[in-house]
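The report below goes through a single protein chain, from individual side chains to the chain as a whole.

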Amino acid sequence: MTTYASPAPSPVVKLVRQLGIDTQYVLLGFPLGIITVTLFMTAFFTSLGLVVLWFGIPLLVATLMMARGFAAVERLRIGPVLGRKVPHPYYKKSPEGSLVRRTLTPLADGQSWLDLVHGMFRFIPSTIGFSFVVTWWAGAIGGLTAILWDWSIPRPPGNQDLPELLGMGDSATTRIIFYFALGVFFAGTLYPVVRAFALLEAYFARALLSGVNELREQVATANAAREVAQQQKAAAVSAEATALRRLERDIHDGPQQRLVRLAMDLGRAEQQFATDPDAARATVAEALTQTRETLEELRALSRGIAPPILVDRGLQAALTALAGRSLVPVELDAPLAERLEPTLESTAYFVVAEALTNVAKHSHANEVHVSVRRNNTGLIVSIADDGVGGASVAKGHGLAGLDDRVRAAGGVLDVDSPAGGGTRLTAALPVQ
């Protein structure tokens with residue numbers, strides 16, 4: 001069975017629909033405003049007058065609960081006008097404590113008092129909007145239909161219509177053309193006028209009924225973003241410190257020791273040239289071997305800092321080279337056609353490089369599968385092996401520094417490594 005999507009409404013249909021929504025909102029808001037100001041003013045000041053007696057407080061609570069009910073209705077009404085849903089900003093959890101405490105909870109809820117204020121003063125924008133909307137609709141409908149009703153208006157002697165007062169004459173044709181022109185004016189400006197006063201009333205309601213809650217949510221969102229930024233900064237510092245300590249240790253344990261031995265061998269060769277040239281040549285040959293091995297170690301260390309192939313040819317080429325150097329056979333799936341952001345490429349490369357290093361050192365795996373996929377938000381990097389498992393991102397384990405690096409880039413690292421079941425490492429890296 002073939003299904004067809006319904007066509008989008010035309011701009012004219014949208015305009016007419018919004019005009020109907022705004023009109024009913026303003027016209028219904030006027031009687032609601034009269035009802036709420038009458039009920040709330042009467043109930044509120046009566047409860048204040050009786051607050052010295054014990055039943056004044058329950059009456060005040062009932063007034064606030066009544067205000068909540070009308071506010072809930074108003075939030076539903078302003079949704080179509082503003083084109084967005086307005087939430088109910090009350091406590092989500094039920095109040096705890098005794099019956100008396102639960103009953104008095106609305107007195108401590110600031111939003112309930114704002115609901116009451118809205119009910120008391122909403123008649124001001126409602127009355128203004130109602131007056132203009134009724135005037136414009138009456139002017140548009142009456143003017144455009146003047147030809148239909150002009151004949152029915154009694155005109156006794158001495159009666160003067162507006163066109164005659166303006167010096168345009170008192171003929172029927174003059175009156176019909178004049179009122180029709182007014183109808184065209186009111187009809188042409190009907191939508192912006194109705195829309196303006198509907199928004200005036202809706203924004204007044206939104207400011208009191210959800211404005212404080214929206215501000216509270218914005219502050220909470222800003223605080224959460226600040227905490228995330230602080231965590232990323234701390235992770236970046238930790239990752240950098242870990243990388244520097246590892247580089248320092250590798251240089252000390254590798255190239256530095258070889259350079260010390262090279263200096264000693266060259267010194268011994270210098271002494272041997274005078275007494276035993278053959279031994280000197282052997283010592284120099286051994287020193288050359290030490291030099292080549294030191295250069296290889298330095299190249300290996302430089303790959304962990306800034307691999308040139310990553311900068312020159314991109315992530316796919318760098319991962320291909322990395323897989324080719326791996327001690328464990330690697331199946332690479334990285335269909336990356338275009339270049340990515342340098343930070344994103346660098347982080348993804350080091351995730352794969354560190355993961356392959358851990359596989360070679362600890363996993364005893366026979367093969368490893370590397371997948372790098374682009375999605376709408378960034379990169380998904382996955383490294384899976386068939387080793388012994390047991391990997392962890394906890395502090396003190398080999399992946400802790402990698403987790404810091406990923407979090408510093410704003411990403412998330414997940415490690416699934418049951419004992420004896422292999423290891424799957426997944427990093428989600430967002431586009432900055």
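## A buried glutamate and its partner

Glu345 counts as buried because its relative accessibility is 3%, where buried means under 20% relative accessible area, exposed means over 50%, and partly exposed covers what lies in between, with a 1.4 Å probe and protein chains only. Glu345 forms a salt bridge with Arg339, and the closest N and O atoms of the pair are 3.0 Å apart; a salt bridge here is a side-chain nitrogen of Lys or Arg within 4 Å of a carboxyl oxygen of Asp or Glu.

The model is predicted, so local features need pLDDT of at least 70 and side-chain atom pairs count only at pLDDT 80 or more, while totals for chains, interfaces and linings use all residues. Residues are numbered from 1 along each chain as its sequence is written, and side-chain values use heavy atoms, with hydrogens and water left out.

## The chain as a whole

The secondary structure of the protein chain comes to 16 helices and 5 strands, taken as DSSP runs numbered from the N terminus, with helices being H or I of at least four residues and strands being E of at least two. Of the 432 residues in the protein chain, 34% count as buried. The protein chain exposes about 25,200 Å², of which carbon and sulfur atoms supply 64%; accessible areas come from the Shrake-Rupley method with a 1.4 Å probe, and for residues only the protein chains shown count as cover.

Among the contacts in the protein chain with a separation of 6 or more, 70% are between residues 24 or more positions apart, where contact means heavy atoms within 4.5 Å.

## Salt bridges between elements

How many salt bridges does the count come to? The count is 9 salt bridges by the rule already stated. One of the pairs is Asp115 with Arg75, whose closest N and O atoms are 3.1 Å apart. Asp115 lies in helix α4 and Arg75 in helix α2, so this pair ties together parts that are 40 residues apart in sequence. Both Asp115 and Arg75 are buried.

Arg373 forms a salt bridge with Asp333, with the closest N and O atoms 2.7 Å apart. This pair links distant parts of the chain, since Arg373 is in strand β2 and Asp333 in strand β1 (residues 330-333), 40 residues apart. Arg373 is partly exposed, with a relative accessible area of 40%, and Asp333 is partly exposed as well, with a relative accessible area of 25%.

## Packing of α4 against α9

Helix α4 (residues 110-121) and helix α9 (residues 190-209) pack at an angle of about 155°, with their axes 8 Å apart; axes are lines fitted to C-alpha atoms, for helices over the stretch in contact, and angles run from 0 to 180 degrees between N-to-C directions. That angle makes α4 roughly antiparallel to α9, a label given to angles over 145 degrees. On the α4 side, Gln111, Leu114, Asp115, Val117, His118 and Phe121 meet Phe204, Ala205, Leu208 and Leu209 of α9.

Ser371 lies in strand β2 (residues 368-374) and counts as buried at 13% relative accessibility. Leaving aside neighbours within four places in sequence, Ser371 is in contact with Asp333, Ile380, Val381 and Ser382.

Most residues other than glycine have a negative phi. His364, however, has a positive phi near 55°. His364 lies in the loop between α15 (342-363) and β2, and is exposed, with a relative accessible area of 64%.

Val51, Val52, Leu53, Trp54, Phe55 and Ile57 form a nonpolar patch on the surface, with about 620 Å² of accessible area together. Patches are made of residues with over 30% relative accessible area and no salt bridge, with like charges joined within 9 Å and nonpolar side chains (Val, Leu, Ile, Met, Phe, Trp, Tyr) within 5 Å. Leu53 lies in the loop between α1 (11-49) and α2 (56-82), and counts as partly exposed at 40% relative accessibility.

Gly56, found in helix α2, is buried, with a relative accessible area of 0%. Not counting residues up to four places away in sequence, Gly56 touches Ser47, Leu50 and Val51. The C-alpha atoms of Gly56 and Thr46, which are 10 residues apart along the chain, are separated by 7.9 Å.

Methods:
Parallel < 35°, antiparallel > 145°, perpendicular 65-115°, else oblique.
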